[in-house]
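Hi everyone, thanks for coming.

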Amino acid sequence: VQASKYPLVMSALNKLGIRLDDAGRRDATSEIERAKAMGLAPEQVGATGVLQERLPEVYQAYEDVKAAAGVVDFEDILLLNAGLIKDNITIAEQVRQWCRWITVDEFQDVSPLQHQVLEGWLGGRDELCVVGDPSQTIYTFAGASSEYLLGFRSRWPEATVLQLTRSYRCVPQVIELANQVLAGAETRARLTLHSQRTDVGEVHTRVHDTDQDEAAAVAEAIGKHITTRSASEIAILVRTNAATARFERELQAAGIPYTVRGTARFMQRPEVKRAVSLLRVAAKHTSDQPVADRVAAALEPMGFTSEPPLGQAQREEWESLAALVGLARGHDTLEALIADLDERAETDDAPVADAVTVASLHSAKGLEWDVVFLPGLYEGGLPLRYQGELVDVEEERRLFYVGVTRARDVLELSYAVQGNRREPRQPSRFLPDAPRRAKQVQPRKAATVQGCRVCGKRLSPGVERALGTCRTCPSDVPVEMVDALREWRKDVVARRSEESGKSIPAFLVATDAVLIGIATARPADARALARVKGIHKRLVTENADELLAIVAAHGKPPLPSPRGSA
């Protein structure tokens, strides 16, 4: 069995002289996989995806390369299974004796090939139980079809149907919104849910000026929530993986622990690492261009263009590069952007503690949280737009429905009226009528990222934002002490990581806010150190002497407030 189609697809592409980058090859692999899941032979597929009219040719070349290597892929195993049962009655009877009763969960996501195998196993029997919800069909791009679920009674007319309409997860306000979302759907077998909870929940719609304002407001709201509930009961769900970048940035700046589900953290993604290397090279050359334009030009060799590409893998990498271009618009120089990215990468290890979940809507399916934030709800964000065209709007509606029903108690919906390019946006079509009885928050200007209170310059996340001043302006907090405390933290992180045998994130030792709190309070003894807001007891017990020594070495009288500062 071939573990991955990718190497064979590469060989097929090379054989045909077709040149694609890594993301393009992965997209070609996905297109072939989808065709096989749908039971299509090479001559039956149409022009689609990154290969367009050459897809049938590449598909056939892949089959030839695979046959020459003497291997089979996963779809071949399903085809062979179905073929053996169809052509060999002895094997069929053995399989049917072994599989007397069959239960299939998530039946709305069954592909045609999988359904063919299932029918072979059954052999005309009706000892079958399926569970599914057509309103949660969100994998049609991978060959899934809800038609088998919707047409179940026509195939088995004597089947008993149980409609599970009682929701024990979500508060009534969330369920009302979920029902409204589906009211405009084309699904012909839509269920109306009924909440069994009596708690009063919250559903808010927030409107912000920019994407950055939205991310900052979400982080601020989460900071308030974690004073009354566990961080692990809070999630931010986004449409694309690259959209996690701005929320990661703001959570880091606020010292809020988080984990990214279903993909690598932004700074750990291969395309982001390669991009940062290109930016370092670009920074060695002077230019009068705006920072964002310099970044876009530097990333062109990686395939960055003004419009997103067709394939899914290519689109995901493009989104990551676009996120870097968007981040660049918040910096005055390319060097400042690189410093910002380096600071983020320093604390970008996967957390091991109670943490907020940041995830894509697809990877959130089947999960639930007390509080769910659904940002980016504008036309083009959700429903998503590819190269100027909206994708399957009905599938996007179902994806939104899945996101809404992840929330138990509180649901925060939001969008920004302007993107990074200041282009105007329209709210998502899924928002206007929802929810009728939920609390609506009128459009307002969100709290913007604070500038330096001395010179007004935009502050970088982390130390500058926590201080309220940039490094070049006077501050009543000794920056040298903060830097020394951060160097000390880096040594402690390395020491503890070596002792435990696994990577320890910096915030588990002390957040930037705690270090700045120490530098602000300048404690003279362990008792005063313990009064610093947010400090870990372990830090006071085990490291008080080291911290007090740093304070003593860098301590100095507070500077007077600059004239005209807040």
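So, arginine 522: buried or exposed? Its relative accessibility is 17%, and because buried means under 20%, arginine 522 counts as buried. Keep in mind that this is a predicted model. You'll find arginine 522 in the loop between α19 (512–521) and α20 (526–530). Its phi is near 50°, a positive value in a residue that isn't glycine. Most residues other than glycine have a negative phi.

Glutamine 52 also has a phi near 50°. This one lies in the loop between α2 (22–37) and α3 (55–69). With 30% relative accessibility, glutamine 52 counts as partly exposed.

While we're on the backbone, have a look at leucine 382 and proline 383: a cis peptide bond joins them, with omega at about 10°. Proline 383 sits in the loop between β9 and β10 (385–386).

Which way does α12 run relative to α15? The axes of α12 (residues 270–283) and α15 (residues 334–346) come within 10 Å and cross at roughly 150°, which makes α12 roughly antiparallel to α15. The crossing is left-handed. On the α12 side, the contact includes Val276 and Leu279, and on the α15 side, Leu337 and Ile338 are among the residues involved. By class, that contact has 8 nonpolar, no polar and 3 charged residues.

Last one: α10 (residues 211–225). Of its 15 residues, 11 are buried, so call it mostly covered. Those buried residues, including Val218 and Ile222, pack against several elements, among them β5 (202–210) and α11 (244–253).

Notes: Residues numbered from 1 in each chain as written. Predicted model: local features only at pLDDT ≥ 70, side-chain atom pairs only at ≥ 80, totals over all residues. Heavy atoms only, no water. Axes fitted to C-alpha atoms, helices over the stretch in contact; angles between N-to-C directions. Helix = DSSP H or I, 4+ residues; strand = E, 2+ residues; numbered from the N terminus. Parallel < 35°, antiparallel > 145°, perpendicular 65-115°, else oblique. Left-handed = near helix turned anticlockwise from the far one by under 90°. Contact = heavy atoms within 4.5 Å. Nonpolar A, V, L, I, M, F, W, Y, C, P; charged D, E, K, R; others polar. Expected span 1.5 Å × (residues − 1). Buried < 20%, exposed > 50% of the residue type's maximum accessible area, 1.4 Å probe, protein only.
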